[in-house]
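Hi,

Here is the structure you asked about.

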Amino acid sequence: MQTTVPHRLAPALTALAFAGALAGSAGVQAADQPPFAPMDVFALEWAAEPQVAPDGAQVVYRRMGFDVMTDQRRGNLWLAAADGSGQHKLTSHDGNESGARWSPDGSRIAYVRSAGDRDGAEIFVHWLTTGQDARITQLPASPDHLRWSPDGRQLAFAMQIDAEPPVVSEQKLDKPEGAEWAEPARITDRLYHERDGQGYLEPGFSHVFVVPADGGTARQVTSGDFHHRSPAWSADGATLYVTGNRSDNWEYDYRNSEVYAVDVSTGKTTAITSTPGPDTHPAPSPDGEHVAWLGFKDKEEAYQVTRLRVARPDGTGVVELLPGLDRSISAIAWAGDSSGLYVQYDDRGRSKISFTTLAGDFTPVADNLGGATIGRPYGGGSFSVSRTGVVAYNLTRPEHPGELAVVRGEDLTLLTDLNGDLLPHRALGEVEEFWWKSSHDERDIQGWIVKPPHFDPEKQYPLLVENHGGPISNYGERFSPEIQLYAAAGYVVFYPNPRGSTGYGEEFGNLLYHNYPGEDYDDIMSGVDAVIARGYVDPDELYVTGGSAGGIMSAWMIGKSDRFKSAAVIKPVMNWYSKTLNADNWFWYYHTRYPGTPWTNPDDYLKFSPISLVGNVTTPTLVMVGLDDLRTPPSQAKQLYHALKYRKVPTVLVELPGASHNIAKRPSQLVEKVGHILAWFDREHGMDEAEKAAGAQTAP
C-alpha cells in the first residue's frame, strides 16, 4: 500500500488523511456495519520493530498478530519497499522472529529466531542477494540487542550467563533409582530474584559477546559479577559502549547505572559517566567524535524527565541537549552525517519523533508513533533512521494499530494496511480529545471520550471511566481493542490522564510524590462532571474500571464516592504495607512513592491504601487478577474481595489462570477480561432498565 502526503505543514490534516486512507469506508459508518466484536481481536495485526536499510530503500519489520489456535502472540519478519510498492515475508520460517538489524552495507539482515531443536533462540543471518538464511551461533541462552560492527565482520549481543545459587545445606541423600521425589529447594540471596511475566529469575549476569558474522564461537567481552547491557559499537569498531553498574554496592544502588567503554580486544572497562542516577542507551556518533546517552541526576522523586546528553568518546565535555523540552526522551538515533540526533518522546497523549542539532536546534519529524501495545491505549512504538535520513516507524491512530510508515524529507508514506481486511468493515467508536479544569487547583487536564458506534447525540448513554495504570504513564490517541469493545457495548468511554501522567512535564508527573492516590482523584471526578455536562450521558449510569494503578484509582474512587452504579477493580494494590514487600519490584517503592519503609512509616503506607476506605464502599464491585501476577499479587485483590464479601456488598472475584500482570498478553484473556467487566456492568445496567420498564407498565 502507498499513501503519501506532505506532513510537516498540517499535522492535524495528516492524521485525518491517514485515518481516512486506512479506514476507507469506515470513515462513514453504514447502518448495517457491525461494531468491533470480541473475536475480531484475534484478527488484528500490527507493525513492530521497524528497521530501515542504510540506503533508505527498504524496511524490515516485525509483523505481529495473534494465533487463535495457540492463544499466543506471533511475529514474523517482513521486508517492505520504502516507496510503498510492495512487501513480502523475509524468510520461510513459521516461528517467531525478532530483533532484525541491517549490516552496514545493507546486504544482510541479522535476527533472532527459535532454532527449532531446543528451547531458546539463536542468531541467524539472511543474505538479500540469495535469499538464504544461516544460523551462525549455538548459544546456551537467548541473545538480544544485536548490533553489527562498523566493518560488518562481527555481531555484538547481550546474553545471560548463569551463576551458581547459594548453598545452605551440604546434605547428600541417596535417591533410589526410579524414585519420584519433590523438586529440590530453590535458594536465593538476591535483592531481585523474580520478574512478573517470567517468574523466578535464575541466578546469573547479563554479559556482552561478539561473534563472527559468518558464524563461529561467541567471545565474552565484559566480565565480573555485574550486568552489562545495550552494546553499541564505536565508529572504529575498537570499543563497545554498554550500560551497567559495576560498583561494589551495585545490588543496592539499583537506581543508578553508568555508560562504560569496553575495549573489544582486551575487555578493559572504563566508566565514561558518573552522575548519580540512570545513564542508559549509549549511542556513539558515526563520525566517532561523540557519544550520546539518556539519563538524569536522581533526586529520588516520583518522576523525573529523562534527558539527552552528549560528550566526547571518553566522557569529557558533557553537554545536555534540549534542556527546555521538559519531556522524557525514550529513544535516540544519530543522523548519518553526525549533525544531530533523532529523539522519541511522549507529548500530551501522542508519541513523537523530532530532530535536534548539536547546537540544540529542534525540528519535529513525525507524530503518532505506537500501536504495538495491544490492549489499552498506552504509548510506545519505535523508529530507525537510514544513513540517508529516511525515518521508519510504526504509526497509530485511534482507528488502527501500528502500521509501517516512513518519513522522507517533507513526505510521509504509509507502507502497510495490515487491518484493511477487517477494520473498514467495522463501525468503530469515535475518539475525541477532551480538556477540562481540575476542581482541586484549576489545572488543565486532558482525556478522551469514545462514543458508541452509530452515536445519537439526542440519547443518553451510560458512562464507563477507564483509569490508566502506572500511575507514571499515559493513555492517548491510539488504537485500543478494549476501549472499542466497551464502546461497541453501548457505553460512552472516558479515559483521562490525571496528574502524575507522563507527557506533560516533570512538575505535573511529580505531583504524586508522597501523595498517591491524591488529587488525581479530583482530576478524574472533575472530568466525569465535564463529560456529563455535555448532555449525552445519564448521570445515574456511571461505571468505573481500570487495571494496576487504574485498579488502585478505581478502588479509591468507590471508597470516596457512591456515584458509581458498578465497578470493576482489576489487579489492584489494596494495601501498600503488605504489597511493598511482596511484589517483584518491591524495592523500587522506598522513599519515592512514600516516605521511608512500611516499618518506619506505617501510617503513610496505610493512609494511601484503598483498604483504608473499604468500609465506605457500597458499589457492587467485580475484582479481577491473574493468578501468576507478581507485580500486584492475587493477595491484594483478595483483600478487596474478602472485605466486600464480609460487608455483604455485592461482589465477585475473577481469577485468570496463568495470567501475569499483563492480562492482555494472551488474546483470549484480553477478551475474557472485557467480557467479565461488561457482564458485571450490564447486570446493574440491565436491572435498572428492567425497573424502568416495570415502572412504565404500572404507571397510571
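This is a predicted model: local features need pLDDT of at least 70, side-chain atom pairs count only at pLDDT 80 or more; totals for chains, interfaces and linings use all residues.

The chain has 9 helices and 39 strands. Its radius of gyration is 26 Å, close to the 27 Å from the globule rule for 700 residues, so the chain is as compact as a globular protein of that length. Buried residues account for 55% of the 700, and the C-alpha trace spans about 90 × 70 × 55 Å along its principal axes.

On charges, there are 61 positive and 90 negative side chains, with the centres of the two sets 1 Å apart. The salt bridge count is 29.

- Glu506 and Lys299 form a salt bridge at 3.6 Å, N to O. Glu506 sits in helix α3 and Lys299 in the loop between β21 and β22, so this pair ties together parts 207 residues apart in sequence. Glu506 is buried at 17% relative accessibility, while Lys299 is partly exposed at 47%.
- Arg563 and Asp529 meet at 2.8 Å, N to O, in another salt bridge. Arg563 is in the loop between α5 and β37, and Asp529 is in helix α4, 34 residues apart.
- Asp584 and Arg631 pair up at 2.6 Å, N to O. Both lie in loops, 47 residues apart in sequence. Asp584 is buried, with a relative accessible area of 2%, whereas Arg631 is partly exposed at 26%.

There is also a salt-bridge network linking Asp441, Arg443, Arg499, Glu507 and Asp523.

Cheers

Terms used: Residues are numbered from 1 along each chain as its sequence is written. Side-chain values use heavy atoms; hydrogens and water are left out. Helices (H or I, at least four residues) and strands (E, at least two) are DSSP runs, numbered from the N terminus. The radius of gyration is taken over C-alpha atoms; the globule rule is 2.2 Å times the number of residues to the power 0.38. Buried means under 20% relative accessible area, exposed over 50%, partly exposed in between (1.4 Å probe, protein chains only). Lys and Arg count as positive and Asp and Glu as negative; His and the chain ends are not counted. The place of a charge is taken as NZ of Lys, CZ of Arg, CG of Asp or CD of Glu. A salt bridge is a side-chain nitrogen of Lys or Arg within 4 Å of a carboxyl oxygen of Asp or Glu.
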